[in-house]
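Hello,

I am passing a model on to you, as promised.

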Amino acid sequence: MAKRLIPLFNRVLVEKIVPPSKTNAGILLPEKSTKLNSGKVVAVGPGLHSKDGKVIPVAVKEGDTVLLPEYGGTEVKLENKEYHLFRDDDILGTLHD
């Protein structure tokens with residue numbers, strides 16, 4: 001049975017991107033040069049409700065590549081894959097090519 005997690009409120013489900021530890025030529029890269037806290041947005045909650053009852057939408061959408069803080073988020077494991085739940089406010093920005 002496939003599981004699908006839909007975040008509540010302003011939460012964002014992110015799958016962290018693991019950078020390659022070796023180049024195409026076979027050169028091993030040091031751990032510090034491969035560390036980039038980025039991830040792909042898998043699911044997004046509907047947003048927060050303001051005091052007057054209006055929904056404030058989340059700033060990112062599914063498929064976005066985002067820059068994440070070094071620490072934080074809640075680790076979630078679904079079907080042998082590791083995801084992280086972040087609040088919309090915790091995401092530092094979006095990355096574009």
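Two notes on how to read the rest. This is a predicted model, in which local features need pLDDT of at least 70 and side-chain atom pairs count only at pLDDT 80 or more, while totals for chains, interfaces and linings use all residues. Residues are numbered from 1 along each chain as its sequence is written, and side-chain values use heavy atoms, with hydrogens and water left out.

Now the overall picture. The chain has eight strands and zero helices, taking helices (H or I, at least four residues) and strands (E, at least two) as DSSP runs numbered from the N terminus. Along the sequence this reads β-β-β-β-β-β-β-β. Of the 97 residues in the chain, 27% are buried. Counting a contact as heavy atoms within 4.5 Å, 62% of the contacts between residues at least 6 apart in sequence join residues at least 24 apart. The chain exposes about 7,400 Å², and carbon and sulfur atoms supply 55% of that; accessible areas come from the Shrake-Rupley method with a 1.4 Å probe, and for residues only the protein chains shown count as cover.

Next, the interior. In soluble globular proteins, nonpolar side chains tend to be buried together. A nonpolar core here is a set of buried Ala, Val, Leu, Ile, Met, Phe, Trp, Tyr and Cys residues joined through side-chain atoms within 4.5 Å. The largest one has ten residues: Val 12, Val 14, Val 41, Val 44, Val 58, Val 60, Val 66, Leu 68, Phe 86 and Ile 91. Strands β1 and β2 each supply at least two residues of this core. There is also a second, separate core of five residues, including Leu 13, Ala 43, Leu 78 and Tyr 83. Leaving aside residues up to four places away in sequence, Val 14 touches Gly 39, Lys 40, Val 42, Val 66, Leu 68, Tyr 83, His 84 and Phe 86.

Ser 38, in strand β2, is buried with a relative accessible area of 5%. Gly 45 sits in the loop between β2 (38-44) and β3 (48-49) and is buried at 7% relative accessible area. Beyond four places in sequence, Gly 45 touches Pro 7, Phe 9, Arg 11 and Val 58.

On the outside, Leu 8, Phe 9, Leu 48 and Ile 56 form a nonpolar surface patch with about 390 Å² of accessible area together. Patches are made of residues with over 30% relative accessible area and no salt bridge, with like charges joined within 9 Å and nonpolar side chains (Val, Leu, Ile, Met, Phe, Trp, Tyr) within 5 Å. Leu 8 lies in the segment before β1 (11-16) and is exposed, at 59% relative accessible area. Leu 92, in the loop between β7 (81-87) and β8 (93-95), is exposed too, at 57%. Its C-alpha atom is 9.7 Å from that of Ser 38, 54 residues away along the chain.

Finally, the charged pairs. How many salt bridges does a search of the whole structure find? It finds three, a salt bridge being a side-chain nitrogen of Lys or Arg within 4 Å of a carboxyl oxygen of Asp or Glu.

- Glu 62 pairs with Arg 4, with the closest N and O atoms 3.8 Å apart. Glu 62 lies in the loop between β4 (55-56) and β5 (65-67) and Arg 4 in the segment before β1, so the pair ties together parts 58 residues apart in sequence.
- Lys 81 and Glu 15 meet at 3.9 Å, N to O. Lys 81 is in strand β7 and Glu 15 in strand β1, so this pair ties together parts 66 residues apart in sequence.
- Lys 61 and Asp 64 meet at 3.3 Å, N to O. Lys 61 is exposed at 55% relative accessible area, whereas Asp 64 counts as buried at 15%.

Key. Buried means under 20% relative accessible area, exposed over 50%, partly exposed in between (1.4 Å probe, protein chains only).
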